Amino acid sequence: MVQLTCIYTRSGDKGKTSLGNGARVPKTDARVDVCGTIDEANSALGIARLYSSGNQAAFFDSMLGRIQNDLFDLGADLCMPESDPPIQALRITDEHVERLEREIDQINAGLAPLQSFVLPGGSPMAAHLHMARTIVRRAERLIVGLSLRETINPCTLSYTNRLSDHLFVLARHANVEKNGDVLWIPGANRQNETDHKDR
């Protein structure tokens, strides 16, 4: 049970913070960077949930609520370095990843096949989901970088990889009732070659 009685501690005033095992590290540490980015993604999802609407609003809101809770678990996992002997820690598991895959399949089954890449935008909810998706992608890149230097739980990487796909299809679903996807038109703003030569 987490109990917070004092919000500020002054312990970080010199640019250091604590990992889950108590180790003091600079706030630029790779693990701290990853956890901060996961927190950023979680905040973006909190905004996206404010725009949940339509016939399945409650269903998708609860889905995003589960993901927000997962992201706290993910941060708890990554702030606790692997140790020998292992420390009892909260870890992301295959079960988390498999649930995302089931939800992706469920959402995607109701969407038309894509004929082009999608531009982030459309409805407010979709725009915020796309923002969260790109933050999750950044977290994924940071986790890969961390994994090249330290041992991590491989499920953390699988989870973030799958989560970005999940948010993509969920953003597409959010646009179904708002005139559909905003599609990329390759070269739409490029002058044709003849016009360019005449200038």
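**Core, cysteines and pocket**

Modeller: Gladly, and keep in mind that this is a predicted model. Let's start with Leu129: setting aside neighbours within four places in sequence, Leu129 is in contact with Leu45, Ala48, Leu64, Leu167, Leu170, Ala171 and Ala174.

Colleague: Which residues touch the most other members of the largest nonpolar core?

Modeller: They are Leu71, Leu129 and Tyr159, in a core of 39 residues. Two or more residues come from each of α1 (30–49), α2, α3 (94–108), α4 and α5, and α4 gives the largest share, nine residues.

Colleague: Why is Cys155 called buried, and what makes Cys79 partly exposed?

Modeller: Buried means under 20% relative accessible area. Cys155 has 12%, so Cys155 is buried. Cys79 has 22%, which lies between the 20% and 50% cut-offs, so Cys79 is called partly exposed.

Colleague: And what lines the second largest pocket?

Modeller: That pocket, with a volume of about 250 Å³, is lined by 18 residues, and Ser53, Met125, His173, Ala174 and Glu177 lie nearest its centre. The lining divides into nine nonpolar, seven polar and two charged residues. At least two lining residues come from each of α2 (57–78), α4 (124–147) and α5 (154–176), with α5 giving the most, four residues.

Terms used: Residues are numbered from 1 along each chain as its sequence is written. This is a predicted model: local features need pLDDT of at least 70, side-chain atom pairs count only at pLDDT 80 or more; totals for chains, interfaces and linings use all residues. Side-chain values use heavy atoms; hydrogens and water are left out. On a 1 Å grid over the protein atoms alone, a cavity is a set of points where a 1.4 Å probe fits but cannot get out, and a pocket is an open set with protein on both sides within 12 Å along at least five of seven lines; lining residues have an atom within 4 Å of a point. Grid points are joined across faces, edges and corners, and a volume is the space filled by probe spheres set on the points. Ala, Val, Leu, Ile, Met, Phe, Trp, Tyr, Cys and Pro count as nonpolar, Asp, Glu, Lys and Arg as charged, and the others, Gly among them, as polar. Buried means under 20% relative accessible area, exposed over 50%, partly exposed in between (1.4 Å probe, protein chains only). A nonpolar core is a set of buried Ala, Val, Leu, Ile, Met, Phe, Trp, Tyr and Cys residues joined through side-chain atoms within 4.5 Å. Contact means heavy atoms within 4.5 Å.
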